[in-house]
Amino acid sequence: MKGEVLGDGDALLMHAGDNVATALEDLEPGDTIGDELTITSDVPFGHKLALEAIDEGGDVVKYGEVIGAASEAIAAGEWVHTHNCESKRGRGDLAAQEVSNA
Amino acid sequence: MTATFSGYRRPDGRIGVRNHVAVIPTSVAVSSIAKRIADSSGEHVRATPHQMGTSQPKRAREQTERVLTGVGQNPNVAAALVLELGTESIDAEAIADGITESGVPAETMSVREVGGTSAAIEEGSERAAQLRAASEDARREEADASELIFGVECGGSDATSGIAANPSVGAACDLLIEDGGTATFSETPEFIGAEHVLADRCTDEETRERLLERVDQREALAELMGVDMRGAQPTPGNQEGGLTTIEEKSLGAIVKGGTTPVEGMVDYAEPLPVGGGLVLMDTPGYDVESVVGKIAGGAQVIAFTTGRGSTTGNPLAPVIKVTGNPRTWQRMASNMDVNASTVVEGGSIAEAGERVYDTLLSVADGQQTAAEMRRLEEFAINEIQPNELAAEEVRG
């Protein structure tokens, strides 16, 4: 495998600088990854969890690249998905807003 | 020593991995008749039914013509029967002439001229049988892996696609290119957010500029329409599978092309070079249309990665299904060819990549894929939409 397996095969870190990891099992609140990280919400297989706190507007980083911005503050151990992380690209809606605000 | 397989040598020197007669309708009006002809003519006669109307705006029509001709020229095609109703703006004779340029026989038939559907099915089946009989003389001969054009695609992606299946297929692309072959991947909307990674790998400035321009055009289309791509990309299915943003999907998608330099980028259904290394094609994100674009460009074999479990195939080229999701491998084993979920369970990408490459060579050699065994033969042509034509005019 290319990434680094965290804990007891619980999650996968794709790149050293990432602030999210991918769950390799269905994780539940209270599950721990290694010694320091406690899961705070359900994280289904294949979904992402925050490895550290991310401020609102902060970059979400996977594969060593920015995959989006936190749309609200995210705590370490929290599920990261469309409810708290949004794309910065292909946003015709934002372009339309800029035009109407101009 | 490089890898070899046995294939069908065509008059123009290219090598096919299948020996099919293609029944190619020029419009939707005769698509079901084309299918009926193929169904009554045995397993080596294959139809390419599609939804294009009898008339299209010029640019859209030209693209359809390029696809129909390219599909007939694919080296997996031994002979072609081009079918028309007789009212299409596309000229069946011109498509057949284009196909014969590759040296294989191509005939035309007009449903109106032969006297309606029953007569067309009867005569079409007879002519397909004759073309098949003539092509049966073809024998497999040894060919070099460097003669393969390997198209790679992803559909029904989830988080395991970018972690396991795509990097494994990418490793197979690297092996094929090391052996002198061509690998191609496409789906330009799924370069968004990862284009800088690809741009850095382009071997020349022209390719780099073309790539960035095409990505800009796809993204600008969303802006022109004032829409938010997030509703459609990642798809609801992708999102359920754990993909949050288009950037994340793209970064996971581009690894299916491997790690070699990007040698060029061609338009939808344009010819792909033999022995060309890694070449991109500008296609939409819709997987069936994207696969057809690459087959029209000359790809003989496709690898299709799917985390969630797509079953799609193609009438003319074998489609190898690769999944990185252990649950999909278990649940849909009868539709999958290669298990890359070993990577999720700690196996190496190199090992899974070798299995994909071995499967590519076996399939080129004649081994049937899961989709072929089940006769899953999706076919669709990308139609340039009015808003895309309008955007082209805005750009000038």
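Mentor: This is a predicted model, in which local features need pLDDT of at least 70, side-chain atom pairs count only at pLDDT 80 or more, and totals for chains, interfaces and linings use all residues. Residues are numbered from 1 along each chain as its sequence is written, chains are lettered from A and ligands numbered from 1 in the order in which they are written, and side-chain values use heavy atoms, with hydrogens and water left out.

Trainee: What radius of gyration does chain B have, against that of a compact globule?

Mentor: The radius is taken over C-alpha atoms, and the globule rule is 2.2 Å times the number of residues to the power 0.38. For 396 residues, a compact globule would have a value near 21 Å. Chain B agrees with this, at 20 Å.

Trainee: What percentage of the residues in chain B is buried?

Mentor: Buried means under 20% relative accessible area, exposed over 50%, and partly exposed in between, with a 1.4 Å probe and protein chains only. By that criterion, the buried share of the 396 residues in chain B is 61%.

Trainee: How far apart are the end C-alpha atoms of helix α5 of chain B?

Mentor: Helices (H or I, at least four residues) and strands (E, at least two) are DSSP runs, numbered from the N terminus. The expected span of a helix is 1.5 Å times one less than its number of residues. The 19 residues of α5(B), 117-135, should therefore span 27 Å, and the distance between the end C-alpha atoms agrees, at 26 Å.

Trainee: Which elements of chain B do the buried residues of α13(B) pack against?

Mentor: Helix α13(B) covers residues 349-364, and its buried residues include B:I349, B:V356 and B:L360. Contact means heavy atoms within 4.5 Å. The packing partners in chain B are β1 (4-9), β8 (149-154), α6 (159-178), β12 (301-305), β13 (319-323) and β14 (338-339).

Trainee: Which residue has a side-chain oxygen that reaches a backbone nitrogen at the start of α13(B)?

Mentor: The backbone nitrogen belongs to B:E351. Within 3.0 Å of that nitrogen lies a side-chain oxygen of B:S348.

Trainee: Is B:A269 buried or exposed?

Mentor: B:A269 is in the loop between β10 (262-266) and β11 (277-281) of chain B, and has a positive phi of about 70° although it is not a glycine. Its relative accessibility is 2%, so B:A269 counts as buried.

Technical notes:
A polar contact is a pair of N or O atoms within 3.5 Å; within protein, one must be able to donate a hydrogen and the other to accept it, and residues adjacent in sequence count only if both atoms are side-chain atoms.
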